[in-house]
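Here are my notes on the model you sent over. Please read them with the structure open.

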Amino acid sequence: MQQFENAREAALALRPDEPVYCFHPEVLKADARRFMELFPGKTAYAVKTNGEPMVLKTLVEAGVRAFDVASPGEFAAVRAVSKDAEMLYMHPVKAQSDIRLALEEYGIRVIAIDHEDEVAKLVRVVRALDIDPGKVTVFVRIQTKGSAAYELSKKFGAGPAYAVELAQRLHRAGFKVGICFHVGSQIEDPDIYERALASADWVRNRMGFPLAALDVGGGFPAEYGHDPNSKSKPMPSLEEIMARLKADIEEWQFNRVPLVAEPGRVIVARAFSLIVRVLLRKGRRLYINDGIWASLSDSWTGKLTLPARFIPDPAIRQRNGDANSIVPFRVCGATCDSVDILSRPFWLPETIDTGDWIEIGHIGAYSLSLRTRFNGFYPDTFVEVTTPFDQGEAPQSFASLETMAV
Ligand SMILES: *Cc1c(COP(=O)(O)O)cnc(C)c1O
(Lines give C-alpha, C1' and ligand atoms only; values in the text may rest on other atoms or scores of the structure.)
Protein backbone atom coordinates (compact mmCIF):
# COMPACT_ATOMS: atom_id res chain seq x y z
CA MET A 1 0.00 0.00 0.00
CA GLN A 2 1.31 3.45 -0.88
CA GLN A 3 2.12 5.58 2.12
CA PHE A 4 1.61 9.32 2.54
CA GLU A 5 1.96 11.78 5.36
CA ASN A 6 -1.56 13.11 4.96
CA ALA A 7 -4.51 13.06 2.59
CA ARG A 8 -3.53 16.31 0.91
CA GLU A 9 -0.20 14.81 -0.12
CA ALA A 10 -1.99 11.71 -1.41
CA ALA A 11 -4.57 13.74 -3.36
CA LEU A 12 -1.97 15.99 -4.99
CA ALA A 13 0.29 13.03 -5.87
CA LEU A 14 -2.41 10.73 -7.21
CA ARG A 15 -4.93 13.32 -8.44
CA PRO A 16 -7.55 10.58 -7.99
CA ASP A 17 -10.87 10.62 -9.81
CA GLU A 18 -12.09 7.64 -7.76
CA PRO A 19 -12.62 7.78 -3.97
CA VAL A 20 -9.48 6.87 -1.97
CA TYR A 21 -9.64 5.38 1.52
CA CYS A 22 -6.88 6.65 3.80
CA PHE A 23 -6.05 3.99 6.39
CA HIS A 24 -4.57 5.15 9.70
CA PRO A 25 -3.30 1.90 11.32
CA GLU A 26 -1.76 3.64 14.35
CA VAL A 27 -5.06 5.36 15.12
CA LEU A 28 -6.84 2.00 14.91
CA LYS A 29 -4.36 0.41 17.31
CA ALA A 30 -4.60 3.31 19.75
CA ASP A 31 -8.41 3.33 19.75
CA ALA A 32 -8.56 -0.47 20.21
CA ARG A 33 -6.08 -0.32 23.11
CA ARG A 34 -7.91 2.58 24.68
CA PHE A 35 -11.14 0.57 24.72
CA MET A 36 -9.45 -2.56 26.10
CA GLU A 37 -7.82 -0.53 28.88
CA LEU A 38 -11.11 1.10 29.84
CA PHE A 39 -13.41 -1.93 29.70
CA PRO A 40 -13.16 -4.31 32.68
CA GLY A 41 -13.68 -7.53 30.70
CA LYS A 42 -13.20 -9.18 27.33
CA THR A 43 -13.28 -6.95 24.24
CA ALA A 44 -14.77 -8.72 21.20
CA TYR A 45 -14.53 -6.48 18.12
CA ALA A 46 -17.76 -6.52 16.06
CA VAL A 47 -16.50 -7.63 12.64
CA LYS A 48 -19.48 -6.31 10.70
CA THR A 49 -18.44 -2.70 11.44
CA ASN A 50 -15.42 -3.07 9.17
CA GLY A 51 -14.19 -6.54 8.28
CA GLU A 52 -11.40 -5.56 5.87
CA PRO A 53 -8.40 -7.90 6.26
CA MET A 54 -6.13 -4.89 6.96
CA VAL A 55 -8.39 -3.89 9.85
CA LEU A 56 -8.63 -7.35 11.41
CA LYS A 57 -4.89 -7.91 11.03
CA THR A 58 -4.07 -4.57 12.67
CA LEU A 59 -6.47 -5.31 15.54
CA VAL A 60 -4.74 -8.64 16.17
CA GLU A 61 -1.41 -6.75 16.22
CA ALA A 62 -2.94 -4.34 18.75
CA GLY A 63 -3.77 -7.27 21.04
CA VAL A 64 -7.44 -7.90 20.24
CA ARG A 65 -8.03 -11.61 20.92
CA ALA A 66 -11.80 -11.94 20.51
CA PHE A 67 -14.21 -11.12 17.69
CA ASP A 68 -17.99 -10.86 17.49
CA VAL A 69 -19.01 -12.66 14.28
CA ALA A 70 -22.34 -13.23 12.55
CA SER A 71 -21.81 -15.29 9.38
CA PRO A 72 -19.56 -17.84 7.64
CA GLY A 73 -17.89 -14.95 5.78
CA GLU A 74 -16.96 -13.33 9.08
CA PHE A 75 -15.73 -16.64 10.59
CA ALA A 76 -13.39 -17.04 7.62
CA ALA A 77 -12.21 -13.42 7.71
CA VAL A 78 -11.16 -13.74 11.35
CA ARG A 79 -9.47 -17.14 10.84
CA ALA A 80 -7.54 -15.71 7.91
CA VAL A 81 -5.77 -13.23 10.19
CA SER A 82 -5.51 -15.33 13.36
CA LYS A 83 -5.31 -19.07 13.96
CA ASP A 84 -6.37 -18.82 17.58
CA ALA A 85 -8.52 -15.70 18.05
CA GLU A 86 -11.73 -16.50 19.91
CA MET A 87 -14.99 -15.97 18.02
CA LEU A 88 -18.31 -15.17 19.66
CA TYR A 89 -21.27 -15.96 17.43
CA MET A 90 -23.63 -13.26 18.70
CA HIS A 91 -26.24 -13.11 15.95
CA PRO A 92 -29.49 -14.28 17.56
CA VAL A 93 -31.05 -15.68 14.34
CA LYS A 94 -28.97 -18.22 12.48
CA ALA A 95 -29.19 -20.94 9.84
CA GLN A 96 -28.72 -24.38 11.35
CA SER A 97 -26.00 -25.17 8.81
CA ASP A 98 -24.13 -22.04 9.93
CA ILE A 99 -24.38 -23.10 13.58
CA ARG A 100 -22.91 -26.44 12.61
CA LEU A 101 -20.11 -24.81 10.64
CA ALA A 102 -19.35 -22.51 13.59
CA LEU A 103 -19.12 -25.36 16.11
CA GLU A 104 -17.57 -28.01 13.90
CA GLU A 105 -15.11 -26.17 11.65
CA TYR A 106 -14.33 -23.03 13.64
CA GLY A 107 -14.48 -24.39 17.19
CA ILE A 108 -16.87 -21.61 18.27
CA ARG A 109 -18.23 -22.22 21.77
CA VAL A 110 -20.02 -18.92 22.49
CA ILE A 111 -23.34 -18.21 20.85
CA ALA A 112 -26.41 -15.99 21.33
CA ILE A 113 -30.13 -16.82 21.06
CA ASP A 114 -33.41 -14.99 21.70
CA HIS A 115 -35.98 -17.69 20.85
CA GLU A 116 -36.72 -21.33 21.69
CA ASP A 117 -36.40 -22.39 18.04
CA GLU A 118 -32.78 -21.19 18.12
CA VAL A 119 -32.26 -23.33 21.24
CA ALA A 120 -33.69 -26.30 19.35
CA LYS A 121 -31.31 -25.75 16.40
CA LEU A 122 -28.36 -25.48 18.76
CA VAL A 123 -29.32 -28.62 20.70
CA ARG A 124 -29.62 -30.60 17.43
CA VAL A 125 -26.15 -29.51 16.29
CA VAL A 126 -24.52 -30.12 19.69
CA ARG A 127 -26.02 -33.65 19.83
CA ALA A 128 -25.08 -34.46 16.23
CA LEU A 129 -21.47 -33.40 16.86
CA ASP A 130 -21.38 -35.06 20.31
CA ILE A 131 -20.21 -31.83 21.98
CA ASP A 132 -20.47 -31.49 25.77
CA PRO A 133 -23.01 -28.65 26.24
CA GLY A 134 -21.17 -27.73 29.43
CA LYS A 135 -18.38 -26.43 27.17
CA VAL A 136 -20.74 -24.07 25.34
CA THR A 137 -21.79 -20.65 26.68
CA VAL A 138 -25.14 -19.51 25.37
CA PHE A 139 -26.08 -15.86 25.82
CA VAL A 140 -29.77 -15.04 26.03
CA ARG A 141 -30.25 -11.73 24.26
CA ILE A 142 -32.65 -9.50 26.14
CA GLN A 143 -34.60 -6.54 24.84
CA THR A 144 -33.49 -3.02 25.73
CA LYS A 145 -35.12 0.36 25.35
CA GLY A 146 -33.58 3.75 24.70
CA SER A 147 -32.29 6.06 22.07
CA ALA A 148 -29.47 5.38 19.67
CA ALA A 149 -28.89 6.40 16.07
CA TYR A 150 -29.85 2.79 15.28
CA GLU A 151 -32.44 1.15 17.48
CA LEU A 152 -32.33 -2.65 17.42
CA SER A 153 -34.56 -3.85 20.22
CA LYS A 154 -37.58 -3.93 17.92
CA LYS A 155 -35.81 -6.54 15.85
CA PHE A 156 -33.97 -8.66 18.42
CA GLY A 157 -34.15 -9.62 22.06
CA ALA A 158 -36.41 -11.61 24.36
CA GLY A 159 -38.74 -9.88 26.81
CA PRO A 160 -37.70 -10.34 30.45
CA ALA A 161 -40.09 -13.17 31.42
CA TYR A 162 -39.41 -15.09 28.21
CA ALA A 163 -35.65 -14.59 28.72
CA VAL A 164 -35.96 -16.33 32.12
CA GLU A 165 -37.76 -19.24 30.46
CA LEU A 166 -35.07 -19.51 27.75
CA ALA A 167 -32.29 -19.38 30.34
CA GLN A 168 -33.87 -22.21 32.34
CA ARG A 169 -34.38 -24.29 29.23
CA LEU A 170 -30.70 -23.88 28.31
CA HIS A 171 -29.62 -24.68 31.86
CA ARG A 172 -31.65 -27.89 31.83
CA ALA A 173 -29.97 -28.86 28.53
CA GLY A 174 -26.59 -28.50 30.25
CA PHE A 175 -25.30 -25.25 28.71
CA LYS A 176 -23.57 -22.43 30.55
CA VAL A 177 -25.91 -19.46 30.37
CA GLY A 178 -25.08 -15.78 30.01
CA ILE A 179 -27.16 -12.68 29.37
CA CYS A 180 -26.40 -10.26 26.56
CA PHE A 181 -27.89 -7.12 25.11
CA HIS A 182 -27.04 -4.68 22.36
CA VAL A 183 -28.44 -1.23 22.90
CA GLY A 184 -28.09 -0.17 19.23
CA SER A 185 -25.35 1.76 17.49
CA GLN A 186 -24.06 5.25 18.33
CA ILE A 187 -26.01 5.68 21.56
CA GLU A 188 -27.42 9.13 22.21
CA ASP A 189 -28.12 8.66 25.91
CA PRO A 190 -25.48 7.32 28.33
CA ASP A 191 -28.23 6.07 30.73
CA ILE A 192 -29.17 3.41 28.19
CA TYR A 193 -26.66 0.91 29.64
CA GLU A 194 -27.98 1.38 33.14
CA ARG A 195 -31.53 0.56 32.02
CA ALA A 196 -30.26 -2.53 30.18
CA LEU A 197 -28.35 -3.66 33.29
CA ALA A 198 -31.52 -3.28 35.35
CA SER A 199 -33.34 -5.62 32.92
CA ALA A 200 -30.44 -8.07 33.02
CA ASP A 201 -30.60 -8.01 36.82
CA TRP A 202 -34.33 -8.75 36.75
CA VAL A 203 -33.72 -11.79 34.54
CA ARG A 204 -30.73 -13.03 36.56
CA ASN A 205 -32.67 -12.88 39.83
CA ARG A 206 -35.36 -15.16 38.48
CA MET A 207 -33.24 -17.74 36.64
CA GLY A 208 -32.55 -19.82 39.74
CA PHE A 209 -28.93 -20.71 38.92
CA PRO A 210 -25.65 -18.70 38.64
CA LEU A 211 -25.06 -16.51 35.61
CA ALA A 212 -21.99 -17.54 33.57
CA ALA A 213 -21.27 -14.14 31.96
CA LEU A 214 -22.72 -10.77 31.00
CA ASP A 215 -22.21 -9.26 27.53
CA VAL A 216 -23.00 -5.55 27.29
CA GLY A 217 -22.85 -5.45 23.47
CA GLY A 218 -21.74 -2.44 21.45
CA GLY A 219 -23.21 0.99 20.88
CA PHE A 220 -20.35 3.04 22.36
CA PRO A 221 -20.41 6.31 20.43
CA ALA A 222 -17.61 7.41 18.14
CA GLU A 223 -16.56 11.04 17.98
CA TYR A 224 -17.71 12.72 14.80
CA GLY A 225 -17.56 16.31 13.60
CA HIS A 226 -18.48 19.29 15.64
CA ASP A 227 -21.24 21.48 14.28
CA PRO A 228 -21.11 24.94 15.86
CA ASN A 229 -24.71 25.57 14.74
CA SER A 230 -26.07 22.55 16.55
CA LYS A 231 -27.90 23.00 19.82
CA SER A 232 -27.76 19.33 20.75
CA LYS A 233 -25.46 18.46 23.62
CA PRO A 234 -22.24 16.69 22.68
CA MET A 235 -21.94 13.09 23.92
CA PRO A 236 -19.71 12.50 26.94
CA SER A 237 -16.28 11.02 26.20
CA LEU A 238 -15.71 7.26 26.15
CA GLU A 239 -13.85 7.66 29.45
CA GLU A 240 -16.93 9.20 31.07
CA ILE A 241 -19.35 6.69 29.56
CA MET A 242 -17.14 3.82 30.69
CA ALA A 243 -16.79 5.26 34.22
CA ARG A 244 -20.59 5.34 34.49
CA LEU A 245 -20.95 1.87 33.02
CA LYS A 246 -18.41 0.51 35.51
CA ALA A 247 -20.21 2.17 38.42
CA ASP A 248 -23.54 0.73 37.21
CA ILE A 249 -21.99 -2.73 36.80
CA GLU A 250 -20.83 -2.58 40.42
CA GLU A 251 -24.12 -1.23 41.64
CA TRP A 252 -26.00 -4.12 40.02
CA GLN A 253 -23.28 -6.52 41.19
CA PHE A 254 -22.34 -7.74 37.77
CA ASN A 255 -18.65 -7.20 38.59
CA ARG A 256 -18.55 -10.74 40.00
CA VAL A 257 -19.31 -12.37 36.63
CA PRO A 258 -17.05 -12.38 33.56
CA LEU A 259 -17.87 -9.42 31.33
CA VAL A 260 -17.79 -9.06 27.54
CA ALA A 261 -18.24 -6.03 25.27
CA GLU A 262 -18.71 -6.02 21.49
CA PRO A 263 -17.57 -2.57 20.34
CA GLY A 264 -17.41 -1.80 16.63
CA ARG A 265 -17.91 1.83 15.74
CA VAL A 266 -15.92 3.35 18.62
CA ILE A 267 -12.86 1.29 17.69
CA VAL A 268 -12.76 1.74 13.92
CA ALA A 269 -14.47 5.08 13.12
CA ARG A 270 -11.30 7.17 13.23
CA ALA A 271 -9.16 4.58 11.45
CA PHE A 272 -10.18 5.75 7.98
CA SER A 273 -10.74 9.00 6.18
CA LEU A 274 -11.87 9.28 2.59
CA ILE A 275 -10.71 11.49 -0.26
CA VAL A 276 -13.55 12.34 -2.63
CA ARG A 277 -13.45 14.57 -5.71
CA VAL A 278 -15.93 17.21 -6.69
CA LEU A 279 -17.09 16.06 -10.14
CA LEU A 280 -19.24 19.12 -10.62
CA ARG A 281 -20.20 22.23 -8.75
CA LYS A 282 -23.64 23.48 -9.70
CA GLY A 283 -24.46 26.58 -7.64
CA ARG A 284 -24.65 25.46 -4.04
CA ARG A 285 -24.62 21.80 -4.96
CA LEU A 286 -21.59 19.55 -5.14
CA TYR A 287 -21.71 16.30 -7.12
CA ILE A 288 -19.04 14.01 -5.69
CA ASN A 289 -17.67 10.61 -6.77
CA ASP A 290 -19.02 8.73 -3.72
CA GLY A 291 -22.40 8.64 -2.00
CA ILE A 292 -25.01 6.72 -0.07
CA TRP A 293 -24.59 3.51 -2.11
CA ALA A 294 -20.86 3.46 -1.45
CA SER A 295 -18.98 4.88 1.56
CA LEU A 296 -21.54 7.32 2.93
CA SER A 297 -24.68 5.29 3.65
CA ASP A 298 -24.08 5.19 7.42
CA SER A 299 -23.68 8.96 7.61
CA TRP A 300 -26.93 9.25 5.66
CA THR A 301 -29.12 6.89 7.71
CA GLY A 302 -27.45 7.81 11.01
CA LYS A 303 -27.55 11.54 10.20
CA LEU A 304 -23.97 11.88 11.39
CA THR A 305 -21.95 15.06 11.48
CA LEU A 306 -18.79 14.23 9.59
CA PRO A 307 -15.71 16.43 9.72
CA ALA A 308 -14.36 17.42 6.31
CA ARG A 309 -11.23 19.11 5.06
CA PHE A 310 -10.99 21.07 1.84
CA ILE A 311 -8.15 20.04 -0.50
CA PRO A 312 -8.02 22.67 -3.27
CA ASP A 313 -6.64 21.61 -6.63
CA PRO A 314 -3.65 23.91 -7.24
CA ALA A 315 -4.30 23.60 -10.98
CA ILE A 316 -7.40 25.78 -10.53
CA ARG A 317 -5.97 29.28 -10.89
CA GLN A 318 -9.13 31.33 -10.97
CA ARG A 319 -11.58 31.15 -8.06
CA ASN A 320 -14.72 33.05 -7.18
CA GLY A 321 -15.72 34.10 -3.69
CA ASP A 322 -14.01 34.47 -0.36
CA ALA A 323 -11.83 31.52 0.77
CA ASN A 324 -12.59 32.34 4.42
CA SER A 325 -16.33 32.23 3.97
CA ILE A 326 -17.67 28.77 4.97
CA VAL A 327 -21.07 28.08 3.45
CA PRO A 328 -23.40 25.05 3.22
CA PHE A 329 -23.41 22.87 0.12
CA ARG A 330 -25.91 20.15 -0.67
CA VAL A 331 -23.86 17.03 -1.54
CA CYS A 332 -25.09 14.70 -4.30
CA GLY A 333 -23.69 11.20 -4.78
CA ALA A 334 -22.17 9.58 -7.85
CA THR A 335 -25.05 7.30 -8.86
CA CYS A 336 -28.06 8.11 -11.04
CA ASP A 337 -30.40 7.48 -8.10
CA SER A 338 -32.47 10.46 -6.99
CA VAL A 339 -32.20 9.51 -3.29
CA ASP A 340 -28.40 9.58 -3.50
CA ILE A 341 -28.14 12.97 -1.79
CA LEU A 342 -26.59 13.26 1.66
CA SER A 343 -28.98 14.05 4.49
CA ARG A 344 -26.72 16.77 5.87
CA PRO A 345 -25.15 19.64 3.94
CA PHE A 346 -21.38 20.05 4.05
CA TRP A 347 -20.06 23.42 5.14
CA LEU A 348 -17.09 24.26 2.93
CA PRO A 349 -15.22 27.32 1.64
CA GLU A 350 -17.26 29.34 -0.83
CA THR A 351 -14.42 28.98 -3.35
CA ILE A 352 -14.70 25.19 -3.76
CA ASP A 353 -15.09 24.16 -7.39
CA THR A 354 -15.27 21.33 -9.90
CA GLY A 355 -12.04 19.30 -9.62
CA ASP A 356 -11.25 20.01 -5.95
CA TRP A 357 -11.02 17.25 -3.34
CA ILE A 358 -12.57 16.86 0.10
CA GLU A 359 -11.16 14.65 2.83
CA ILE A 360 -14.01 13.27 4.94
CA GLY A 361 -12.87 12.11 8.37
CA HIS A 362 -13.98 9.38 10.78
CA ILE A 363 -15.63 7.14 8.20
CA GLY A 364 -14.09 3.81 9.28
CA ALA A 365 -17.32 2.36 10.68
CA TYR A 366 -20.09 0.98 8.44
CA SER A 367 -18.68 2.61 5.32
CA LEU A 368 -16.51 0.07 3.51
CA SER A 369 -18.68 -2.79 4.79
CA LEU A 370 -21.83 -1.23 3.32
CA ARG A 371 -20.56 -0.29 -0.13
CA THR A 372 -22.49 -1.64 -3.11
CA ARG A 373 -21.73 -2.04 -6.81
CA PHE A 374 -24.78 -0.03 -7.70
CA ASN A 375 -24.38 1.74 -11.06
CA GLY A 376 -20.95 0.12 -11.47
CA PHE A 377 -19.26 2.27 -8.84
CA TYR A 378 -17.26 0.42 -6.18
CA PRO A 379 -14.57 2.42 -4.40
CA ASP A 380 -11.69 0.10 -3.55
CA THR A 381 -8.50 2.18 -3.57
CA PHE A 382 -6.49 2.38 -0.36
CA VAL A 383 -3.47 4.32 0.81
CA GLU A 384 -1.85 4.41 4.21
CA VAL A 385 -1.67 7.81 5.87
CA THR A 386 0.62 8.44 8.85
CA THR A 387 -0.79 11.66 10.33
CA PRO A 388 -4.09 11.06 12.18
CA PHE A 389 -6.99 13.03 10.72
CA ASP A 390 -7.41 14.91 13.98
CA GLN A 391 -3.76 15.98 14.10
CA GLY A 392 -3.69 17.65 10.71
CA GLU A 393 -4.73 21.23 10.10
CA ALA A 394 -8.15 21.93 11.60
CA PRO A 395 -10.93 20.76 9.27
CA GLN A 396 -12.64 23.85 7.82
CA SER A 397 -15.77 21.97 7.29
CA PHE A 398 -18.33 19.59 8.62
CA ALA A 399 -21.61 18.02 7.60
CA SER A 400 -24.09 20.19 9.42
CA LEU A 401 -26.88 19.00 11.64
CA GLU A 402 -29.04 21.85 10.40
CA THR A 403 -31.31 20.97 7.54
CA MET A 404 -31.37 23.26 4.55
CA ALA A 405 -33.11 23.65 1.26
CA VAL A 406 -30.69 24.19 -1.60
C1 LIG B 1 -23.52 -4.22 15.31
C2 LIG B 1 -23.33 -4.94 16.58
C3 LIG B 1 -22.30 -4.55 17.47
C4 LIG B 1 -21.40 -3.37 17.23
O5 LIG B 1 -22.08 -2.17 17.47
P6 LIG B 1 -21.34 -0.76 17.49
O7 LIG B 1 -22.41 0.21 17.73
O8 LIG B 1 -20.68 -0.58 16.17
O9 LIG B 1 -20.36 -0.78 18.61
C10 LIG B 1 -22.15 -5.29 18.62
N11 LIG B 1 -22.94 -6.35 18.90
C12 LIG B 1 -23.95 -6.73 18.08
C13 LIG B 1 -24.78 -7.90 18.45
C14 LIG B 1 -24.18 -6.04 16.90
O15 LIG B 1 -25.19 -6.41 16.10
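This is a predicted model: local features need pLDDT of at least 70, side-chain atom pairs count only at pLDDT 80 or more; totals for chains, interfaces and linings use all residues.

Which residues are closest to the ligand, and how many surround it?

1. The ligand shell. The ligand is surrounded by 14 residues. Lys48, Ser185, Glu262, Arg265 and Tyr366 are the closest. Sorted by class, the shell holds 6 polar, 5 charged and 3 nonpolar residues.

2. Polar distances at the ligand. An N or O atom in the side chain of Tyr366 lies 2.6 Å from a ligand oxygen. For the side chain of Lys48, the distance from an N or O atom to an oxygen of the ligand is 2.7 Å. Gly219 takes part through its backbone: one of its polar backbone atoms is 3.1 Å from a ligand oxygen.

3. Ligand burial. On its own, the ligand would expose 390 Å². The protein buries 92% of that area.

4. Helix α8. This helix covers residues 192-207, 16 residues in total. Just past the helix, Gly208 has a positive phi of about 85 degrees.

5. Helix α6. Residues 116-128 form this helix of 13 residues. From first to last C-alpha it reaches 18 Å, close to the 18 Å expected at 1.5 Å a residue. Buried here are Glu118, Val119, Lys121, Leu122, Val123, Val125 and Val126. They pack against α5 (96-104), β6 (110-113), β7 (137-141) and α7.

6. Ser273. Is this residue buried or exposed? Ser273 sits in strand β13, residues 272-282. Its relative accessible area is 0%, under the 20% cut-off, so Ser273 counts as buried. The side chain of Ser273 makes a polar contact of 3.2 Å with the side chain of His24. Leaving out residues up to four places away in sequence, Ser273 touches Val20, Tyr21, Cys22, His24, Glu359, Ile360, Gly361, Ile363 and Phe389.

Technical notes. Residues are numbered from 1 along each chain as its sequence is written. Side-chain values use heavy atoms; hydrogens and water are left out. A residue is near a molecule or strand if one of its heavy atoms lies within 4 Å of it. A polar contact is a pair of N or O atoms within 3.5 Å; within protein, one must be able to donate a hydrogen and the other to accept it, and residues adjacent in sequence count only if both atoms are side-chain atoms. Accessible areas come from the Shrake-Rupley method with a 1.4 Å probe; for residues, only the protein chains shown count as cover. Ala, Val, Leu, Ile, Met, Phe, Trp, Tyr, Cys and Pro count as nonpolar, Asp, Glu, Lys and Arg as charged, and the others, Gly among them, as polar. Helices (H or I, at least four residues) and strands (E, at least two) are DSSP runs, numbered from the N terminus. The expected span of a helix is 1.5 Å times one less than its number of residues. Buried means under 20% relative accessible area, exposed over 50%, partly exposed in between (1.4 Å probe, protein chains only). Contact means heavy atoms within 4.5 Å.
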